Amino acid sequence: MSEVGKARRCRKLHQKYSDYIQAVRLLVLCIFFASALVRAASPIPVTILADDSYPPYSYVQDGKLVGIYPTLILEAAKLIKEEYLVELRPIPWKRGVAALEHGEAFALMPPYIHLDTRPYIWPYSVALKQEEVVAFCNPGVTLQNITQSHSEKEPINIGLNAGFLILDDALKQARKNGHIVVWENKNTRANIIKLFKKRIDCYINDRLSTLIGISELQDQLPGLSAQSFVEDRVVLSRSAHIGYLKGYEGKYPFKADFITKMDAALNTVLQKSTHP
């Protein structure tokens with residue numbers, strides 16, 4: 001074969017090789033874009049941590065998360081299911097708060113708004129419900145005028161659920177002055193038992209949650225009833241929310257869009273429940 005013929009053959013082989021490489025590249029690009037389209041069409045998974053021991057609002061029963069707030073949020077999640085797949089994951093409250101503090105979770109429900117003491121949570125969702133926090137005390141004990149207590153008196157022992165920030169200004173001052181001592185116990189059940197056995201003098205928590213807890217413990221603690229204690233005073237009236245991890249938009253690029261859409265869905269569900 002002449003040199004000219006060899007050159008022509010080499011050019012043809014080179015052209016075929018180039019065409020082959022282009023075809024492979026085109027195939028790879030098609031696969032990449034097809035995968036991207038599938039991913040874009042798939043709902044984005046979103047996990048919200050939820051208090052596992054706060055009946056009737058959010059708690060685990062028979063291994064399943066139930067309550068007023070999970071029901072509300074999951075109903076709202078159905079309205080945005082084409083874009084987001086929402087999972088509620090039960091967790092002890094104090095551990096859930098710590099997860100947000102350390103940047104380990106996207107959201108937690110249902111905190112009250114505490115801008116100063118929990119700067120790592122922002123923003124908050126629309127209000128899920130207004131809760132009324134009250135003090136239940138044993139007869140003969142009162143938190144009325146607590147800041148005027150005489151220093152020679154024994155301090156009043158107050159039980160709180162671990163991780164709950166629900167003292168008003170008067171109680172914070174009384175704690176600072178040594179008029180009260182705060183004991184953080186695991187949950188509502190543990191606090192009611194300690195209150196009934198007079199291991200604490202008062203228990204501060206949401207009214208409805210406490211009354212349900214008392215009812216559920218009556219078989220276990222003969223003589224226990226709501227009348228065993230005095231509802232001493234209202235401490236706070238606060239709204240509950242979904243609290244989101246502040247910042248971390250790079251880790252959660254969907255954050256702003258999800259919050260907007262979840263708020264709109266929650267408002268729709270809340271309006272239906274208010275106006276059947």
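## A strand residue to start from

V234 is partly exposed, with a relative accessible area of 40%; here buried means under 20% relative accessible area, exposed over 50%, and partly exposed in between, using a 1.4 Å probe and protein chains only. This valine sits in strand β12 (residues 230-240). Helices (H or I, at least four residues) and strands (E, at least two) are DSSP runs, numbered from the N terminus.

Leaving out residues up to four places away in sequence, V234 touches E132, V133, V134 and R207, where contact means heavy atoms within 4.5 Å. V234 and V133 are 101 residues apart in sequence, yet their C-alpha atoms lie 6.0 Å apart in space.

## About the model

This is a predicted model, in which local features need pLDDT of at least 70 and side-chain atom pairs count only at pLDDT 80 or more, while totals for chains, interfaces and linings use all residues. Residues are numbered from 1 along each chain as its sequence is written, and side-chain values use heavy atoms, with hydrogens and water left out.

## The chain as a whole

The protein chain has 7 helices and 13 strands. Of its 276 residues, 42% are buried. Among contacts between residues at least 6 apart in sequence, 75% join residues at least 24 apart.

## Nonpolar cores

In soluble globular proteins, nonpolar side chains tend to be buried together. A nonpolar core is a set of buried Ala, Val, Leu, Ile, Met, Phe, Trp, Tyr and Cys residues joined through side-chain atoms within 4.5 Å. The largest one here has 63 residues, of which L143, I204, F258 and M262 touch the most other members. Helix α7 (residues 255-274) gives this core its largest share, 7 residues.

Which residues does M262 contact, leaving aside its neighbours within four places in sequence? They are I73, A76, A77, I80, V86, I242 and Y244.

## The disulfide

The structure holds 1 disulfide, defined as a pair of cysteine sulfur atoms within 2.5 Å. The disulfide joins C137 to C202, with an S to S distance of 2.1 Å. The two cysteines are 65 residues apart and link distant parts of the chain, C137 being in strand β8 (residues 129-137) and C202 in strand β11 (residues 202-206).

The torsion about the S-S bond of C137 and C202 is about 110°, so the disulfide is right-handed. C137 counts as buried, at 0% relative accessibility, and C202 is buried too, at 0%.

## Backbone details worth a look

Two cis peptide bonds can be found by eye. One runs from P55 to P56, with omega near 5°, and P56 lies in the loop between β2 (53-54) and β3 (58-61). Another joins W122 and P123, with omega about -5°; P123 lies in strand β7 (residues 121-124).

K198 is not a glycine, yet has a positive phi of about 60°. Is K198 buried or exposed? At 59% relative accessibility, K198 counts as exposed, and its place is in the loop between α5 (188-196) and β11. Y248, also not a glycine, has a positive phi of about 60°. This tyrosine is found in the loop between β13 (243-245) and α7 and counts as partly exposed, at 41% relative accessibility.
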